[in-house]
Amino acid sequence: MVSFKGAHHPKSVILYAVYFYVRFAVSYRDLEEIMAERGVHVDHATLNRWVEKYTNIIAKQAHRRKAQAERSWRMDETYVKVKGRWMYLYRAIDKQGETLDFMLSERRDEAAATAFFIRAIANNGFPDRVVIDKSGSNAAGLFNMNCLLVMHNWCCLIDVLQVKYLNNIIEQDHRFIKKITRPMQTFKSFNSAAATLAGIEVAHMIRKGQFDRSGKSGFEQFAELAR
């Protein structure tokens, strides 16, 4: 359960503001004005603190509660600007387009790719197949995963395909993330970027129907993850 102890605003108000920010392409100053129109006076710095504080916790709940994914993955990374520097958002979806995992990294190398696959496998289990682009670091990360399987005497290894057209689905999926982050321009810190992106990914998962909550609005599903 997400704790709202000590907050000066009701839980529903906080969650509404956080959900609105990660779901729609607005800046914090835009959101400050939107909240004021609804009779809630809260400054943009407070809104930023709410997003940083609650989105990572909600994202952890989302990983636990999302529907079981396919074992055929598509993996790629996209770019996000943090403090004026380009950083890398590693992402994986299954062949149906369902979000599997995501991780922000300062580097795009073998170590980062390996860390991402360890995280994704911990949250989703081992895939049968992973489609990637021509990135050598991503291929090396998957090679490291297969080495672990060999060391533990698994008979089946992960099938790695480097076929660009098969990865079009995740390149298209990046567009939602880029659309939401565009008005944010540049993040002020790595932790702020990671937290905000986690919230955006959860909103995207809700939009794709990954929590099987038919009849409930996106905000209602987001609020349920905070219970």
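**Contacts, fold and salt bridges**

In this predicted model, residues 24 or more positions apart account for 64% of the contacts in the protein with a separation of 6 or more.

Visitor: What share of the residues is buried?
Guide: A residue is buried when its relative accessible area is under 20%. Glutamate 77, at 7%, is one of the buried residues. Of the 227 residues in the protein, the buried share is 50%.

Visitor: How far apart are the centres of the positive and negative side chains?
Guide: The protein has 34 positive side chains and 24 negative ones.

Visitor: How many salt bridges does a search of the whole structure find?
Guide: Side chains of opposite charge can pair when their charged atoms come close. Here the cut-off from nitrogen to oxygen is 4 Å. The search finds a total of 9.

Visitor: Which residue forms a salt bridge with arginine 108?
Guide: Arginine 108 sits in the loop between β3 and α4, and its partner is 31 residues away in strand β1. The closest N and O atoms are 2.6 Å apart, and the partner is glutamate 77.

Visitor: Is arginine 107 buried or exposed?
Guide: Arginine 107 meets aspartate 109 in a salt bridge, at 3.8 Å from N to O. Aspartate 109 is partly exposed, at 27% relative accessibility. The cut-off for exposed is over 50%. Arginine 107 has a relative accessible area of 52%, so this residue is exposed.

Visitor: Where does the salt-bridge partner of arginine 129 lie?
Guide: Arginine 129 pairs with aspartate 159, with 3.6 Å between the closest N and O atoms. Arginine 129 belongs to strand β4, and 30 residues separate the two. Both are partly exposed, arginine 129 at 37% and aspartate 159 at 34%. Aspartate 159 lies in strand β5.

Terms used
Residues numbered from 1 in each chain as written. Predicted model: local features only at pLDDT ≥ 70, side-chain atom pairs only at ≥ 80, totals over all residues. Heavy atoms only, no water. Salt bridge = Lys/Arg side-chain N within 4 Å of Asp/Glu carboxyl O. Helix = DSSP H or I, 4+ residues; strand = E, 2+ residues; numbered from the N terminus. Buried < 20%, exposed > 50% of the residue type's maximum accessible area, 1.4 Å probe, protein only. Contact = heavy atoms within 4.5 Å. Lys, Arg positive; Asp, Glu negative; His and termini not counted. Charge placed at Lys NZ, Arg CZ, Asp CG, Glu CD.
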